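User: I am new to this structure and would like to learn how to read its features. Please take me through them step by step.
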Amino acid sequence: MEIQLWKEILEPYQIAVEELLVKFQYLIREYRSHGKYSPIEEVNGRVKKISSILEKMHKKKISFENIENRLDDLAGIRIICQFVEDIDAVVEIIKHRSDMEVIEEKDYVSNPKESGYRSYHLIIRYNVITLSGTKNIKVEIQIRTLAMNFWATIEHSLQYKYRQNMPEQIRGRLNSAAEAVVALDKEMSAVRHEIMDSQNSFQIKAMVVAEILNTIQNLYSAANKREIIKIQDEFYRVYKLGDLDELIKFGRELDIIAEGYRAQGIAEQ
Ligand code: 0O2
């Protein structure tokens, strides 16, 4: 097939990947900007390479005319979570979205593949709007933990290296590593609340500090320099205490001071 034709076929898939990445990244940002834990740690995506498409077509005996029908992963999104529990949360989020229609689910987390592969796959339908109209295409979303992703990445490279002839000894090591990944995910789940708590307070602290610094910056145009230096010194003192409640209290007091200056400014106009 001509390269130009491949480009035409794959173009909407490229758009879908780019749009979905923006949407999932925005979701992460939204959680974090509200001081909430994000069940999505990171997201990436790709359009399948032509060489991989040709390989899969050959393996599954698929004709050119049928690639869009038969290949579900021309567009692929990979969502990485910290904990196994997050995978269910992400699946629910996707199922409730009006811009994505889940048409198939493969739960390789509860039912790992023979290779030891674990991941949750969703096939969705997604509308892409192009100059020639709306095209409804399939996208594969793989959802897995950091640990599952580590295993799958290594195993994928070894599969690529050895093709169908993976040495028994390496296969055995991969099987043990897969078991270790299950154990690691379990251990991490056991301390999940502790980890989430500390990540949440880190997130909230960063937000409170950013707000305080912003307020102090705005005060530069209203308050006199000596007072601002006093406020800054007080901020450093409270910050050094390392107590989030104290920092929040300081932020509130600062807001009252800033509000006073704002009211004064309006009265003088
Ligand atoms: P690549 O190079 O990642 O694109 P099916 O239609 O169900 O018979 P299909 O279409 O292979 O089979 O679907 P499946 O089994 O859900 O796998 C889709 C993708 O999941 C694969 O795409 C891999 O990315 C990943 N995957 C599945 N099994 C394994 C595995 O044993 N090890 C690793 N590392 N990844 C796996 P591709 O096109 O095979 O590969």
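User: Let us start with R163. Is R163 buried, partly exposed or exposed?

Analyst: The general idea is to compare relative accessible areas: buried means under 20%, exposed over 50%, and partly exposed in between, with a 1.4 Å probe and protein chains only. With a relative accessible area of 41%, R163 is partly exposed. Please keep in mind that this is a predicted model, in which local features need pLDDT of at least 70 and side-chain atom pairs count only at pLDDT 80 or more, while totals for chains, interfaces and linings use all residues. Residues are numbered from 1 along each chain as its sequence is written, and side-chain values use heavy atoms, with hydrogens and water left out.

User: Where does R163 lie, and what is its phi?

Analyst: Places are named by helices (H or I, at least four residues) and strands (E, at least two), which are DSSP runs numbered from the N terminus. R163 sits in the loop between α5 and α6. Its phi is positive, about 50 degrees, although R163 is not a glycine. K61 also has a positive phi, of about 55 degrees, and is not a glycine either. K61 belongs to the loop between α2 and α3 (67-70), and K61 is exposed, with a relative accessible area of 72%.

User: Which residues does a buried serine such as S38 touch?

Analyst: A contact means heavy atoms within 4.5 Å. S38 is found in the loop between α1 (3-33) and β1 (42-47), and its relative accessible area of 4% makes S38 buried. Leaving aside residues up to four places away in sequence, S38 touches I28, Y31 and R32.

User: How far is the side chain of S38 from the backbone oxygen of I40?

Analyst: A polar contact is a pair of N or O atoms within 3.5 Å; within protein, one must be able to donate a hydrogen and the other to accept it, and residues adjacent in sequence count only if both atoms are side-chain atoms. Here a polar atom of the S38 side chain lies 2.7 Å from the backbone oxygen of I40.

User: Which residues come nearest to the ligand?

Analyst: A residue is near a molecule or strand if one of its heavy atoms lies within 4 Å of it. There are 17 residues around the ligand, and K48, K60, K113, S115 and E155 come nearest. An N or O atom in the side chain of R46 is 3.3 Å from an oxygen atom of the ligand. For Y108, the side-chain N or O atom is 3.2 Å from a ligand oxygen, and for Q142 the distance is 3.2 Å.

User: What is the volume of the largest pocket, and which residues lie nearest its centre?

Analyst: On a 1 Å grid over the protein atoms alone, a cavity is a set of points where a 1.4 Å probe fits but cannot get out, and a pocket is an open set with protein on both sides within 12 Å along at least five of seven lines; lining residues have an atom within 4 Å of a point. Grid points are joined across faces, edges and corners, and a volume is the space filled by probe spheres set on the points. The largest pocket has a volume of about 1,800 Å³. Its lining has 40 residues, of which K48, K56, D73, H156 and Q159 lie nearest the centre. α5 gives the most to this lining, with seven residues.

User: Which residues line the largest cavity?

Analyst: The lining of the largest cavity consists of G116, R118, M148, W151, A178 and V181. By class, these are four nonpolar, one polar and one charged. The space in this cavity is about 40 Å³.

Notes:
Nonpolar A, V, L, I, M, F, W, Y, C, P; charged D, E, K, R; others polar.
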